[in-house]
Amino acid sequence: MTSSVFALGRHITVELSGCDAALIADSKVVEAALLEAAKVSGAHIIESSFHYFAPQGVSGFVIISESHFSIHTWPEYDYAAVDVFTCGDSISPYRGIERLKKLLHAQEAQISSDMWRGTGFNYTARVAEGHAPSTGSGDLEKLYIEVQPYGIFCAIDLSGCGNEADGASEQCISALADVMHCQKEGCEFKTFDHGNITVHSVFNMDSSIVVRRDKCSRSVHIDLFCKRYADPRSCATAALEVFEAKSYKIHPAFRMS
């Protein structure tokens with residue numbers, strides 16, 4: 001599997017807090033805001049459907065050629081939950097999220113998860129042959145450059161791992177260190193081994209990698225931190241290949257100073 005063959009779609013969940021209660025209680029306002037968010041992200045809008053719940057609250061979907069935008073609001077808590085699912089590399093979901101934050105007067109737009117959907121090995125060959133688009137993460141790097149955070153964190157969960165070799169965790173750490181461009185001088189290595197559970201970690205002043213492996217459940221849990229930008233998709237791809245995993249979850253986040 002190559003780094004360009006990764007997933008069929010990208011799924012982002014957003015927590016909008018501190019919204020204007022009057023705005024998110026108005027279904028017409030919420031619909032117009034979500035349509036505008038989809039438009040500025042570069043999506044191709046097909047149709048929308050919204051519903052007002054008495055005494056308060058709005059739920060709605062905007063169907064796009066690339067999948068959908070959705071929202072559910074709680075005016076009594078000044079809160080809205082947003083879902084963005086896209087396929088292909090032509091959409092900038094973060095641009096749409098930022099516009100939605102402004103339109104609904106939200107004080108904060110927190111990315112609670114940023115996942116790539118559809119990574120099963122049964123169809124990656126078809127993706128490689130050009131039967132379906134791959135999904136990139138360049139938009140995340142653009143946001144990183146704009147925001148200038150202290151660093152980037154990424155949690156990766158792998159399941160159905162087929163590589164049972166004892167040295168797989170060390171191999172994964174080496175592969176991740178290369179992807180993250182970690183300095184290998186002055187690193188501190190630690191290993192914990194208890195039956196079917198092994199934990200391998202490496203730390204330095206600029207980055208850290210922790211790989212926790214459970215052979216019984218054939219799962220691997222990885223936590224990464226880097227003070228420079230490291231592409232979460234490339235990191236997940238490297239780990240996916242080493243452990244020959246069948247599925248994964250990935251949660252990148254910016255750490256602010």
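1. A residue is termed buried here when its relative accessible area is under 20%. By that criterion, the buried residues of helix α7 are Pro-232, Arg-233, Cys-235, Ala-236, Thr-237, Ala-238, Ala-239, Leu-240, Val-242 and Phe-243. They account for ten of the twelve residues of this helix, which is therefore mostly covered. The model under discussion is a predicted one.

2. The geometry of α7 is consistent with its assignment. The helix covers residues 232-243, and at 1.5 Å a residue it should span 16 Å; its end C-alpha atoms lie 17 Å apart, which agrees. At the start of the helix, a side-chain oxygen of Asp-231 comes within 3.2 Å of the backbone nitrogen of Arg-233. After the helix comes Glu-244, with a positive phi near 55 degrees.

3. Glu-241 also belongs to α7. Its relative accessible area is 37%, so Glu-241 counts as partly exposed. The C-alpha atom of Glu-241 is 9.7 Å from that of Cys-161, although 80 residues separate the two along the chain.

4. Helix α2 may be examined in the same manner. Its 14 residues should span 20 Å at 1.5 Å a residue, and the end C-alpha atoms are 20 Å apart, in agreement. Gly-42, which follows the helix, has a positive phi near 95 degrees.

5. The buried residues of α2 are Ser-27, Val-30, Glu-31, Ala-33, Leu-34, Ala-37, Ala-38 and Val-40. An α-helix has 3.6 residues a turn, so residues three or four places apart point the same way. The packing partners of the buried α2 residues are α1 (21-24), β2 (45-52), β3 (58-64), β4 (67-74) and α3.

6. Three salt bridges are present in the structure. One of them joins Glu-36 and Arg-99, whose closest N and O atoms are 2.5 Å apart. This pair links distant parts of the chain, since Glu-36 lies in helix α2 (residues 27-40) and Arg-99 in helix α3 (residues 93-103), 63 residues apart. Glu-36 is partly exposed, with a relative accessibility of 24%. Arg-99 is likewise assigned as partly exposed, at 33%.

7. Asp-166 forms a salt bridge with Lys-215, with 2.7 Å between the closest N and O atoms. Here two loops are linked across 49 residues: Asp-166 sits between β7 (151-159) and α6 (168-180), and Lys-215 between β10 (207-214) and β11 (219-226). Asp-166 counts as exposed because its relative accessibility is 62%, above the 50% limit for that class. Lys-215, by its relative accessible area of 32%, is partly exposed.

8. A salt bridge also connects Asp-206 with Arg-228, the closest N and O atoms being 3.9 Å apart. The pair again spans distant parts of the chain, 22 residues apart, with Asp-206 in the loop between β9 (197-203) and β10 and Arg-228 in the loop between β11 and α7. The value of 3.9 Å should be read against the cut-off of 4 Å used for a salt bridge. Asp-206 is partly exposed at 22% relative accessibility, and Arg-228 is partly exposed at 31%.

9. The chain averages a pLDDT of 84, and 87% of the residues score at least 70. Among the elements, α1 has the highest mean pLDDT (97), whereas helix α4 (residues 124-128) has the lowest (43). Residues 1-6 remain under 50, and the model gives them 20 contacts beyond four places in sequence. Residues 120-128 are also below 50, with 17 contacts beyond near neighbours in sequence.

10. Some values describe the chain as a whole. It contains seven helices and twelve strands. Of its 257 residues, 48% are buried. Considering contacts between residues at least 6 apart in sequence, 67% join residues at least 24 apart.

Technical notes. Residues numbered from 1 in each chain as written. Heavy atoms only, no water. Helix = DSSP H or I, 4+ residues; strand = E, 2+ residues; numbered from the N terminus. Expected span 1.5 Å × (residues − 1). Buried < 20%, exposed > 50% of the residue type's maximum accessible area, 1.4 Å probe, protein only. Polar contact = N/O pair within 3.5 Å; in protein donor to acceptor, adjacent residues only side chain to side chain. Salt bridge = Lys/Arg side-chain N within 4 Å of Asp/Glu carboxyl O. Contact = heavy atoms within 4.5 Å. pLDDT = per-residue confidence, 0-100.
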